[in-house]
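Please read the sequence and turn the model before going on. The paragraphs below go through one part of the fold at a time.

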Amino acid sequence: HPNFPWTGMLFGSTIIGAWYWCTDQYIVQRTLSAPDQKTARRGSIFAAYLKLLPVFIFMIPGMIALALSKKGLLDLASSDAAFPALVHNLLPIGVKGIVVGGLIAALMSSLGSLFNSSATLFTADFYKRYKPDKPEKHYVKVGRIATAVVVILGIVWVPVMKVISNVLYEYLQNVQSLLAPAIFAVFLLGITSKRVNSKGALWGLSIGFGLGMFRLLLDILEGTGILTQSNFLYSIVAINWLHFCIILFIISVAVIYIVSLMSDKPSDEKLRGLTFKTISEEDAAETKASWNAWDVIHTVIVAGIVLAVYIIFN
């Protein structure tokens, strides 16, 4: 498929998915709130079952909307209007309210987590380093201001979203494919390699993010008609977005390794408990004791369903 080639779906989507579910702060913070590893793991497996539902929530209603639209029974202004049109025209009074209420609840939950994560990251990782001696009330106020700024920036960015793609889901996937590779590369190498250091991670993040934003700028220019096929930069835009995600990941990994090898090796003291090779025997034993055959069985079931969906709808 020109937009979703199997190579991109197999490798590019894996990079995006691993970044989102394994390193994104507002997702991971829910897992970190678990009292122990067993609860965190089984909560994640349960969430994986729930994550299978969008296949039926999004795709099948979309197919129904398309069929009704072709028969002239449904007027669709755009693909994003498919679900609202189905709710408005097909669901009875009462059920409409339940569906809309559920959507609003899910939206508020996601936005609440996003704003909380943004405020926490900005306040704890940046502001607090420069102003370490302020009272907690001051940091709470700064976090609220940071949240308001994020909301305003999000509203200002809406017109740009329409330039990049007319379909909201495609826009989200496109932008995530530019953000995910560098971040995932840092986390992956951070837990698997003893040689990678902070300098390599910083360079990998910076170059990966810079190249991703450069591609995003070119996408915006193409959407506005400024960038044409006669422009030599168009060859970058012409690369499939999932393949570009893979290229960004490879570049980020290469930069992280090269810069790390050119600088000092991290001490064993700094790496203690942070990589697979430097965890203590006690931690390894605790992790091994936290899962059993049921965890494996349910993991295989989830993976099997995902594989079946890909085969059936290919």
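Which side chain meets that of aspartate 295 in a salt bridge? The partner is arginine 42, with an N to O distance of 3.1 Å. The model is a predicted one. Aspartate 295 has a relative accessibility of 5%, and because buried means under 20%, aspartate 295 counts as buried. Arginine 42 has a relative accessible area of 35% and is therefore partly exposed.

The chain as a whole gives the setting for this pair. Its secondary structure comes to 14 helices and zero strands, so the pattern read along the sequence is α-α-α-α-α-α-α-α-α-α-α-α-α-α. The chain has 314 residues, of which 29% count as buried. Taken along the principal axes, the box filled by the C-alpha atoms is roughly 70 × 55 × 50 Å. Among the contacts in the chain with a separation of 6 or more, 71% are between residues 24 or more positions apart.

How many salt bridges does the structure hold? There are four, and the pair of aspartate 295 and arginine 42 is one of them. Another is formed by the side chains of lysine 128 and glutamate 136, at 3.9 Å from N to O. This distance counts because the cut-off for a salt bridge is 4 Å. Lysine 128 is partly exposed at 34% relative accessibility, while glutamate 136 is exposed at 52%.

A further salt bridge joins the side chains of arginine 215 and aspartate 219, with 3.2 Å from N to O. Both residues lie in helix α9, where they are four residues apart, or about one turn of the helix. Are arginine 215 and aspartate 219 buried or exposed? Both are buried.

Arginine 215 leads on to a pocket. The second largest pocket has a volume of about 410 Å³. Its lining has 19 residues, and those closest to its centre are Asn3, Ile164, Asn174, Arg215 and Trp241. Which helices each supply at least two residues of this lining? They are α7 (136-164), α8 (168-192), α9 (198-223) and α10 (234-237). The largest share comes from α9, with four residues. Sorted by class, the lining of the second largest pocket has nine nonpolar, six polar and four charged residues.

Asparagine 174, another of the residues closest to the centre of this pocket, has its place in helix α8. Its relative accessible area is 14%, so asparagine 174 is buried. Leaving out residues up to four places away in sequence, asparagine 174 touches Ile164, Asp219 and Trp241. Of these, Ile164 and Trp241 are also listed among the residues closest to the pocket centre, and Asp219 is the salt-bridge partner of arginine 215.

Apart from neighbours within four places in sequence, isoleucine 256 is in contact with Ala185, Val186, Leu189, Val196, Gly200, Ala201 and Gly204.

One last stop is aspartate 283, found in helix α13 (residues 281-289). Its relative accessibility is 35%, so aspartate 283 counts as partly exposed. Between the C-alpha atoms of aspartate 283 and glycine 273 the separation is 8.1 Å, and these two residues are 10 residues apart along the chain.

Definitions and conventions: Residues numbered from 1 in each chain as written. Predicted model: local features only at pLDDT ≥ 70, side-chain atom pairs only at ≥ 80, totals over all residues. Heavy atoms only, no water. 1 Å grid on protein atoms, 1.4 Å probe; cavity = no way out; pocket = protein on both sides within 12 Å on 5 of 7 lines; lining within 4 Å. Points joined across faces, edges and corners; volume = space filled by probe spheres on them. Nonpolar A, V, L, I, M, F, W, Y, C, P; charged D, E, K, R; others polar. Buried < 20%, exposed > 50% of the residue type's maximum accessible area, 1.4 Å probe, protein only. Contact = heavy atoms within 4.5 Å.
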